[in-house]
Amino acid sequence: METSNRVFSPWFLAIAVYACFCSMIRERIAVESSHVVYETLQGSSPSSVDPTLRTGYHFRPPRNWINDPNGPLYYKDFYHLFYQYNPYGSVWGNIVWGHSISTDLINWKALTPAIYPSKPFDIFGCWSGSATILPGDKPAILYTGIDTQKRQVQNIAFPANLSDPYLREWVKPDYNPVMPPETGLNSSSFRDPTTAWYNPNGHWTLIIGNKRDADNRGMALLYRSKDFVKWVRAKHPLHSAKNSGMWECPDFYPVALRGKLGLDTSVIGAGVKHVLKMSLDLTRYDYYTLGKYDDNLDKYVPQNTSLDNHSGLRYDYGNFYASKTFYDPVKLRRILWGWANESDTPKVDSDKGWAGIQLIPRTIWLHRNGRQLLQWPIEEFDTLRHKHVSVANKLAPAGGLFEVKDIQSNQADVEITFDIPNLDKAEDFDRSYIGNAQAFCGKNTAETKGGVGPFGLYVLASSDLEERTAVFFKIFKNGNKHVVLMCNDPTRSTKREDIYKPTFAGFVDVDLSKAKRISLRTLIDNSVVESFGARGKTCITSRVYPAVAIGKDAHLFVFNNGAEDVKVSELNAWEIRKPEMNQEIIY
Ligand code: DQQ
């Protein structure tokens with residue numbers, strides 16, 4: 001099979017040309033398809049991990065490689081997170097389900113792997129999957145196994161002991177696989193079962209990611225079961241889109257039309273919309289549509305404001321992939337977990353002894369405009385805030401910048417609101433970039449002088465600003481409306497030249513004619529920059545590896561390279577404490 005440490009490689013060019021994603025080729029130098037095995041780097045971990053650029057407060061195991069979050073669930077007072085894990089190295093391979101527990105989703109204790117190859121139906125790997133809580137508070141996991149014939153098959157596992165709140169041991173019945181690839185299905189593009197929902201017509205329903213080779217059609221295959229053991233594929237997929245390639249890690253869930261409360265995955269009815277997310281292997285981004293689920297036909301139709309292609313909405317416009325949500329029955333919210341890969345070379349990852357993190361869990365809900373989702377770090381994250389500085393009503397003059405001092409900003413949380421008193425100097429937006437923010441920001445960097453903006457933050461910056469990662473906004477006119485872009489520019493994030501430094505960007509759906517202000521929250525954690533624009537409307541994550549701006553030598557600046565002054569009406573920044581992060585393993 002395939003593997004990868006880096007998501008990005010020359011393979012992408014060939015694949016993308018084939019798929020006619022020509023504009024993307026310009027944006028992303030290279031994207032590597034999943035599952036490339038670096039044989040020489042397996043089992044070559046150093047004796048201790050290199051702490052220099054390692055994240056402090058993002059989810060990670062004690063050492064080695066991780067990828068997709070799997071089967072998040074809540075059971076008997078504990079949150080559980082499983083994840084794709086290589087016990088033998090810091091590149092992809094030998095995949096098992098790592099397992100950790102928490103009472104607050106921020107402090108984690110590591111357990112031994114929950115699901116690992118041990119049977120003919122998963123002997124070559126235990127790949128991604130999801131948990132469903134069955135009636136009587138009984139968790140079940142469905143996951144993809146790689147069987148003796150290297151086929152992708154879907155298996156079920158149950159806790160060995162329901163009175164163990166840690167759910168340490170899982171049993172895989174011998175009647176597995178419960179969903180083998182039937183004749184006609186490509187057994188190497190058949191994976192990642194979702195959480196099941198209960199259809200009022202009397203059956204459990206779930207989807208599995210798939211690709212039909214004939215027209216490169218990505219699909220969400222639909223399966224039904226009355227007893228959760230015998231599963232039958234429906235004639236039609238829940239949804240599909242031609243030329244979209246393999247749909248990895250699909251997710252399907254309801255959101256309330258109003259308010260922030262989340263809904264159990266089985267909620268269906270008039271007061272909800274549904275979200276269908278797929279992780280496109282071709283581009284390595286997570287896309288979603290909002291739409292209507294018809295439970296009689298088991299069909300999903302995206303609403304007309306949701307583009308059902310690679311120009312559509314993304315959870316995050318940066319390094320964020322293979323995400324999964326779950327319903328938190330304690331705080332009645334839906335929580336999103338996403339994986340951020342490294343952007344360093346596999347050899348360096350291997351030498352460091354670690355690779356991959358899960359991003360800060362985000363509460364996710366529908367914006368009242370019904371057109372998009374909003375995301376915000378879970379409230380528990382704020383308990384890690386300590387030393388604090390604030391700035392109020394300070395000018396960021398055209399062409400100027402100022403430093404935010406008195407906190408150590410290599411592990412920090414920064415919230416800032418920019419007031420833009422005058423939009424007259426906003427330039428006309430080049431309409432050829434409509435739908436392609438990333439290409440625009442790739443050309444127009446943080447240094448490109450503009451009318452209104454670029455303004456924003458330089459994070460993980462050296463004192464002389466030779467190294468810096470810019471997170472910023474730029475505002476344009478389009479007729480009598482404004483176009484707002486949010487960009488993450490890592491091109492000067494490090495002096496090292498062997499690192500992949502893609503510029504990421506998204507549009508921000510805000511109406512500046514009402515309130516001429518825009519907010520930004522950025523979580524900085526040594527080698528990750530995770531940003532939330534306009535209270536979670538547009539999110540961008542990137543991985544950066546400074547050579548100088550490390551630890552105490554990392555600085556934080558507010559800059560404005562536009563021709564118009566902007567005002568920082570409010571800035572609050574906190575140092576972030578290190579939580580308990582999987583230090584000790586509980587057996
Ligand atoms: N990662 C898993 C697959 C999934 C991919 C293997 C997505 O199940 O499709 O580690 O990153």
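In which loop does P61 lie? The structure is a predicted model, in which local features need pLDDT of at least 70 and side-chain atom pairs count only at pLDDT 80 or more, while totals for chains, interfaces and linings use all residues. Residues are numbered from 1 along each chain as its sequence is written, and side-chain values use heavy atoms, with hydrogens and water left out.

P61 is found in the loop between α2 (22-27) and β1 (64-75). Helices (H or I, at least four residues) and strands (E, at least two) are DSSP runs, numbered from the N terminus. P61 counts as buried because its relative accessibility is 0%, where buried means under 20% relative accessible area (1.4 Å probe, protein chains only). Leaving aside residues up to four places away in sequence, P61 touches R54, I66, Y83, Y85 and N582; a contact means heavy atoms within 4.5 Å. The C-alpha atoms of P61 and S100 are 8.5 Å apart in space, and the two residues are 39 apart in sequence.

According to UniProt, in an unreviewed entry, the feature "domain: Glycosyl hydrolase family 32 N-terminal" covers residues 58-377. UniProt positions are given in the numbering used here, feature names are shortened, and annotations may be inferred rather than shown by experiment. The chain over residues 58-377 is 49% strand and 2% helix, with the end C-alpha atoms 12 Å apart.

An open sheet is formed by 6 strands in the order β22-β1-β2-β3-β4-β39, with mixed pairing. Its edge strands, each pairing on one side only, are β22 (354-355) and β39 (581-586). Two strands pair if DSSP finds at least two bridges between them. β1 and β22 run parallel and are joined by 2 bridges. Opposite W354 in β22 stands N64.

The ligand is surrounded by H35, N67, D68, Q84, W92, W127, S128, R191, D192, E248, Y321 and A322, a residue being near a molecule if one of its heavy atoms lies within 4 Å of it. An oxygen atom of the ligand is 2.7 Å from a side-chain N or O atom of Q84. For W92, the distance from a ligand oxygen atom to an N or O atom in the side chain is 2.9 Å, and for R191 it is 2.7 Å. Taken alone, the ligand exposes 310 Å², of which the protein buries 99%; accessible areas come from the Shrake-Rupley method with a 1.4 Å probe. β1, β5 (126-134) and β20 (321-328) are the elements that give two or more residues to the shell around the ligand.

Note on methods
Buried < 20%, exposed > 50% of the residue type's maximum accessible area, 1.4 Å probe, protein only. Polar contact = N/O pair within 3.5 Å; in protein donor to acceptor, adjacent residues only side chain to side chain.
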